[in-house]
Amino acid sequence: MTDSALIPKRTALLLMDLQHSLLGALPNPERVLDAAQRAQRAALDADIREIHVRVAFTPEDHAAVPPHNKAFTPVARAGALAAGEPENEVHPALSESRQDRKALTVTKTRVSAFSSGSLDPLLREQGIDTLVLGGIFTSGVVLSTVRDAADKDYRLLVLSDVCADPDQQLHDTLMRSLLPTQADVMDVTAFETAVRTA
């Protein structure tokens with residue numbers, strides 16, 4: 001990391017869009033889920049807050065998507081990513097023991113984790129100024145959330161192996177060239193080391 005050590009009570013782990021309906025687009029979703037579980041354990045051991053972000057739509061949310069929205073008009077027309085459908089919940093591998101972790105889930109209807117409008121006030125109320133991010137897709141929620149969070153002056157860490165994209169070359173380019181301009185990029189092993197010394 002480029003600056004001071006993590007302060008657990010001011011840090012949150014955000015696991016984003018890790019749901020069945022999206023993981024199926026990856027060639028090896030188990031690798032991402034395994035890395036996310038390791039990040040969960042490290043966060044739990046360090047008493048770092050865990051927050052899940054998922055994308056899901058009520059019928060009203062579908063109806064509110066304007067026809068010029070290139071990303072979400074096809075979703076709305078198909079009635080896809082419907083709230084209440086099991087495949088659009090947080091993956092069971094990550095949610096089974098969330099009660100023990102007191103993890104929260106934020107639902108959004110656009111790309112960035114901050115698009116719901118509820119995430120930033122929640123973090124501010126808890127005095128959180130550092131975010132550790134993982135999720136799918138790297139070119140979607142990860143990139144958008146990093147840009148939003150950087151503009152909101154959060155300190156950012158991106159867990160490279162808790163992120164994935166159907167386009168591996170694009171994932172690699174973002175991790176190597178773009179995301180490091182606004183976040184520290186590390187793997188889960190480095191994160192485990194960082195929280196042990198926090």
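Reply: Start with the contacts of one residue. Leaving aside residues up to four places away in sequence, Thr11 touches Leu6, Ile48, Arg49, Ile128, Thr130 and Val132. Thr11 lies in strand 1. Its relative accessibility is 0%, so Thr11 counts as buried. Keep in mind that this is a predicted model.

Turn to strand 4 itself. Strand 4 covers residues 130–136. How many of its seven residues are buried? Seven of the seven are, so the strand is mostly covered, given that buried means under 20% relative accessible area. In a regular strand, side chains alternate between the two faces of the sheet. In strand 4, both faces are covered. Thr130, Val132, Gly134 and Ile136 are buried on one side. Leu131, Leu133 and Gly135 are buried on the other.

Next, the two neighbours. Strand 1, residues 11–16, pairs with strand 4 in the parallel sense over six bridges. Here Ala12 stands opposite Leu131 of strand 4. Strand 5, residues 155–164, also pairs with strand 4 in the parallel sense, over six bridges. Thr130 has Arg155 of strand 5 as its bridge partner. Gly135 has Cys163 of strand 5 as its bridge partner.

How does the chain get from strand 4 to strand 5? It crosses through helix 8, residues 138–151, in a right-handed β-α-β crossover. The length of helix 8 can be checked. At 1.5 Å a residue, its 14 residues should span 20 Å. Its end C-alpha atoms are 18 Å apart, which agrees.

Helix 8 has a buried set of residues: Thr138, Gly140, Val141, Val142, Leu143, Thr145, Val146, Ala149 and Ala150. Its buried residues pack against strand 1, strand 3 (104–108), strand 4, strand 5 and helix 9 (168–178). Just after the helix, Asp153 takes a positive phi of about 70°.

Follow the chain on into strand 5. Nine of its 10 residues are buried, so this strand is mostly covered too, by the under 20% cut-off. Strand 5 runs parallel to strand 6, residues 184–186, and three bridges join them. The bridge partner of Val158 in strand 6 is Val185. Strand 5, helix 9 and strand 6 make another β-α-β unit, and this unit is right-handed.

Look briefly at the other end of the sheet. Strand 2, residues 49–55, runs parallel to strand 3, with five bridges between them. Val55 stands opposite Lys108 of strand 3.

Last, the nonpolar packing. The largest nonpolar core has 36 residues. Which residues have the most contacts inside it? They are Leu13, Leu18, Ile136, Leu159, Val162 and Phe191. The elements that give two or more residues to this core include strand 1, strand 4 and strand 5. Helix 1 (20–23), helix 2 (29–45), helix 4 (73–78) and helix 10 (188–196) are also among them. Helix 2 gives the largest share, seven residues.

Leu18 shows what such a contact list looks like. Not counting residues up to four places away in sequence, Leu18 touches Leu23, Val32, Ala36, Val53, Glu89, Val90, His91, Leu94, Gly135 and Ile136. Two of these, Gly135 and Ile136, bring us back to strand 4.

Terms used
Residues numbered from 1 in each chain as written. Predicted model: local features only at pLDDT ≥ 70, side-chain atom pairs only at ≥ 80, totals over all residues. Heavy atoms only, no water. Buried < 20%, exposed > 50% of the residue type's maximum accessible area, 1.4 Å probe, protein only. Helix = DSSP H or I, 4+ residues; strand = E, 2+ residues; numbered from the N terminus. Pairing = 2+ DSSP bridges. Right-handed = clockwise from strand over helix to strand, strands pointing away. Expected span 1.5 Å × (residues − 1). Contact = heavy atoms within 4.5 Å. Core = buried A, V, L, I, M, F, W, Y, C linked by side-chain atoms within 4.5 Å.
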